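User: I'm new to this one and would like to know what lies behind the labels. Could you take me through them?

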Amino acid sequence: MLPFERQVVTALARDVDEHQRPRVVAYVDAALRSMPEYLRAGVAAESIVLGTWPRLQRAVGRLDDDGLVTWLDRLEASRIDPVRQYVRLLSSLVLFAREELATEAAP
Amino acid sequence: MSRLGTNYLETEVLIIGSGAGGSVTAASLAAAGRDVTVLEEGPWIEADAMEPFSLEEMVAKYRHTGLAAALGSPGIVYAEGRCVGGSTEINSGLYHRLPASLTDEWRTDYEIDEFTPEILDRYAQRVEDSLTVSKVPGPPPPSSAVLERGAAKLGWRAVEFSRVFRYEPGGRAVKQTMSRTFLPRALDAGARLIPDCRVTRLVRRGDRITEVRCSRRDSSGAIEALTVRPEHVFVCGGSIQTPALLQQSGIRTHIGGGLKLHPTVKIAARFTESLDHRDVPMHRVTEFAPNLTIGGSASRRGHVALALADSGADYRDALDDWDRVAVYYAAIRSEGSGRVIALPGLAAPLVTYRLTDGDMSRLARGLVYLGEVLLAAGATELYPSVVRGAVVRSPDELVQWWDAVSRSRANVMSVHLTSTVRIGENRARAGADSFGRVWGLSNLRINDASLLPDAPGVNPQGAIMAIATRNCDQFLATT
């Protein structure tokens, strides 16, 4: 997982129980690693391009996890398919893992 | 007899892949006394080791952990098994014979010998006799009864489909996957199974495959090369991996084109009563079959969350109430088609699929009809798998979905992939002869979903197993 992807996943999973959060991150990491190479290359390229602005903002202390999630929400409404799908991919992976782990943790 | 050296193996029959086609082939040929070796890329996983459709199962048994997609507009997410038993380990276990009308159509269009409804029914009967095909004893679970109830209110046909399940005396339902049925029979008859072994290339000399090159992961995790020298090869890797391997091996004529699948859209439906979530509904609305089928999907909490999130609407209240939410689908037979293209140096092939405007229209119709059934059954909220798709609470609101199912907004998925090496004597259209032998190669056969000339509109496992059994009989009679 690229550094920006890890930031996104960590931000999306910020409300997950702290004991479960590493498992969510590990699942997303494994899922990204096992994608077909050409799809993974596309996702990585988007991470590099889309990650530029948040990286700069973070460097000057203007973007925390909540701000990053708000920015991702805006991207999810983008009219550009690959941008919208990028956010949807990562948020879907986090959502699936979070809810499945919640089931596992339920009494 | 097989001989296994440090890194080479000789065998009479090599079967690549252990899903519905490969396992049937292994059991048939081993029972006939042939020396059989099965190579499976994925691992052996004990039958009850994981909960069906769970996160753990997706990581262990699904190829690409379920993250594969056919590129197109829209892209189509699809799932394949990658473990001993193949996709039979991860599917819902619904069982169908091939409809007679399709058998007749395919025989005519592709000039397939010995391919009549009577012949295929005979082979289907053999499969059913050796694989428990049954219906649920007693009343259906609530998530399935929903479809029956909704269809009855609309005056539409709905049926409970048979499944490859065996019911134990205590009521436990056990899916009859290949790792529980045909593979153990093959091993008992002397077949050898090598899991964690990926085939990278078939080596051709003249009109024969003389060597098969593989990389095998040993128990310590180390990768080693393995070369197999077979007399006969059956490739049974499924409709994506089979054409990819053939193309990587320089075999390309009518290989990989014509990919077919069942494009599917979904709805997360909220009811006032609790639903079951451990099983997949076995009822299907067949009023518009085979061109449009309405059914139910896996609905664990993770699946419910994903389906609720698809539309982008606020779903937190519904997710908190997830015990009353289940996921349903509408699947179509598609006019469009796709392609599998092996890319040099990459393990995964490029997969594309083009939906026609007619397909998009059918998906919209399917979504609306599915909504009608669910509302008739008592659903109070419907969340469609359409970006910015309106949450619907009454039948008069469904009209909004007709225009919403567009290429840029529909989230489309599929599980049934077929038709990348079609059979038939029509060499202008088929990649293999009537019994799966690849044109121009005397000892290379295909025996999996790739052979079906089109997507059948139903779960293809029954058709694959019947056709594979038929092809094995022909092989045994002629070889």
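Predicted model: local features only at pLDDT ≥ 70, side-chain atom pairs only at ≥ 80, totals over all residues.

User: What makes up domain 1 and domain 2 of chain B?

Analyst: Domain 1 takes in 3-44 + 83-133 + 176-258 + 417-478, while domain 2 covers 142-172 + 263-414. Taken over C-alpha atoms, their centres are 30 Å apart.

User: How do you know that domain 1 of chain B and domain 2 of chain B are in contact?

Analyst: Contact calls for heavy atoms within 4.5 Å. On that rule, 28 residues of domain 1 of chain B are in contact with 23 residues of domain 2 of chain B. The area buried between the two is about 2100 Å², with 56% of that from carbon and sulfur atoms.

User: Why is the pairing of B:Asp454 and B:Arg333 called a salt bridge?

Analyst: The cut-off is 4 Å between a side-chain nitrogen of Lys or Arg and a carboxyl oxygen of Asp or Glu. Here the N to O distance is 3.1 Å, so the pair passes.

User: Which element gives the most to the side of domain 1 of chain B that touches domain 2 of chain B?

Analyst: That's α7(B), with seven residues. By class, this side of domain 1 of chain B has ten nonpolar, 15 polar and three charged residues.

How values were computed: Residues numbered from 1 in each chain as written. Chains lettered and ligands numbered in written order. Heavy atoms only, no water. Domains from an automatic or database assignment. Buried area = accessible area lost by both parts, 1.4 Å probe. Helix = DSSP H or I, 4+ residues; strand = E, 2+ residues; numbered from the N terminus. Nonpolar A, V, L, I, M, F, W, Y, C, P; charged D, E, K, R; others polar.
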